[in-house]
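User: I have a model open and want to know what stands behind the words used for it. Please take me through the terms one by one.

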Amino acid sequence: MSLETLWLALLGLLLAGYFVLGGYDYGVQMLHPLLGDRTPHRAGPTDRNDALAAIAPFFLGNEVWLVAFTGVLFGAFPYLEGTLLSALYPLIVAILVGLVLGNAAIQLRGRTRNARARRYGGALIVCGGALPALGWGLVLGLLLHGVPRRADGTFHLDTGTVLTPFVLVCGVTTALLFAAHGAAFVALRSSPALAARARRTGAQLLGAVGAAGSLALMLTLFGAGASMTNRTTAAVIAALLAAALLAAHRYLSRGHLGRAFTATCCATLLPVLLVGAGHYPYVLISSAGSGMTVSQGAADGATLKILTAFGVFVIPLILAYQSWSWWAFRGRTGRRHPHYF
């Protein structure tokens with residue numbers, strides 16, 4: 001395996017990890033009005049929201065995966081980064097705005113007793129989850145479908161490209177998937193009463209994900225969807241995604257919460273694998289079928305060798321930190337750690 005392919009696999013691993021860990025954060029935020037505790041607790045000055053408390057110990061730590069992904073993209077794939085960010089600039093800005101809104105709203109909501117301010121804070125929490133979830137879904141849709149390429153070889157994005165049925169369906173499907181993933185996480189981590197409500201909500205959302213995903217598949221079959229380089233590989237990954245969704249629905253319905261969350265984790269990371277393996281050796285394609293290959297987007301060999309020595313130290317450190325945080329805050333909300341929000 002070449003260094004370029006190795007770093008592409010690492011880039012995909014970091015993005016998949018971010019989708020799995022950040023995905024349930026965004027899902028819980030989007031479900032805040034449905035899963036939130038509407039009655040104030042006498043134990044504190046503000047109402048303690050069990051759903052938000054479930055993600056509290058991991059909330060900011062999960063963003064480390066996005067930072068690491070961005071660092072690898074800038075360092076190992078500078079030509080891809082320059083092309084990708086310029087083409088997808090409006091969506092990247094929307095995602096970052098959502099991140100800032102969500103982080104600020106969650107941190108500030110528990111620090112005010114004003115009912116109106118708390119309602120506004122709750123709305124911003126939902127927006128802070130929905131904007132990144134929808135934005136990443138649109139990015140996935142564009143990468144699967146292909147980004148228009150100019151005569152000079154650069155890629156270009158306009159409103160008409162984003163507002164196509166397939167890209168919009170991918171955005172909605174991803175947002176619904178993150179919401180279902182968040183529901184599975186809350187069911188695993190929260191009190192029995194809230195867990196039961198999250199189970200029902202998650203099962204309903206998984207049905208909606210299946211319906212939206214089927215529409216995306218139909219558009220692809222009729223030539224208006226994904227333009228895959230490796231169709232057999234893409235079909236296998238799509239089948240695995242469908243199987244993960246079915247398993248998650250079954251496990252949630254039967255109360256096997258750990259298995260359900262594992263299944264939603266698999267369903268959340270598989271779209272990243274679909275883009276990477278389905279388009280290999282391209283890292284960015286146009287709707288016409290040509291695109292930027294791995295070697296064209298990657299840095300030179302000497303740079304990749306230096307980065308490899310750095311990555312051997314940093315990546316295990318990230319994995320160790322994430323494993324420690326999960327172990328330290330294991331168990332349901334209120335049993336192993338206090339409420340945070």
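User: How many of the residues in the protein chain are buried, as a percentage?

Analyst: Buried residues make up 49% of the 341 residues. Buried means under 20% relative accessible area, exposed over 50%, and partly exposed in between, with a 1.4 Å probe and protein chains only. This is a predicted model: local features need pLDDT of at least 70, side-chain atom pairs count only at pLDDT 80 or more, and totals for chains, interfaces and linings use all residues. Residues are numbered from 1 along each chain as its sequence is written, and side-chain values use heavy atoms, without hydrogens and water.

User: Why does Thr173 count as buried?

Analyst: Its relative accessibility is 15%. The limit is under 20%. Therefore Thr173 counts as buried. Thr173 sits in helix α9. Beyond its neighbours within four places in sequence, Thr173 is in contact (heavy atoms within 4.5 Å) with Val209, Ala212 and Gly213.

User: What makes α9 roughly antiparallel to α12?

Analyst: The axes of α9 (residues 165–189) and α12 (residues 257–279) cross at roughly 155 degrees and come within 9 Å. Angles under 35 degrees count as roughly parallel, over 145 as roughly antiparallel, 65 to 115 as roughly perpendicular, and the rest as oblique. So α9 is roughly antiparallel to α12. The crossing is left-handed: the near helix is turned anticlockwise from the far one by less than a right angle.

User: Which residues make that contact, and how do they divide by class?

Analyst: On α9, they include Phe178, His181 and Phe185. On α12, Phe261, Thr264 and Cys265 are among them. The contact has 11 nonpolar, 4 polar and no charged residues. Ala, Val, Leu, Ile, Met, Phe, Trp, Tyr, Cys and Pro count as nonpolar, Asp, Glu, Lys and Arg as charged, and the others, Gly among them, as polar.

User: Why is α1 called roughly antiparallel to α4?

Analyst: Helix α1 (residues 3–30) and helix α4 (residues 64–76) pack at about 155 degrees, with axes 8 Å apart. The cut-off is over 145. That makes α1 roughly antiparallel to α4. Their crossing is left-handed.

User: What is the make-up of the contact of α1 with α4?

Analyst: It has 14 nonpolar, 1 polar and no charged residues.

User: How many helices and strands does the protein chain have?

Analyst: There are 14 helices and 2 strands. Helices (H or I, at least four residues) and strands (E, at least two) are DSSP runs, numbered from the N terminus.

Technical notes:
Axes are lines fitted to C-alpha atoms, for helices over the stretch in contact, and angles run from 0 to 180 degrees between N-to-C directions.
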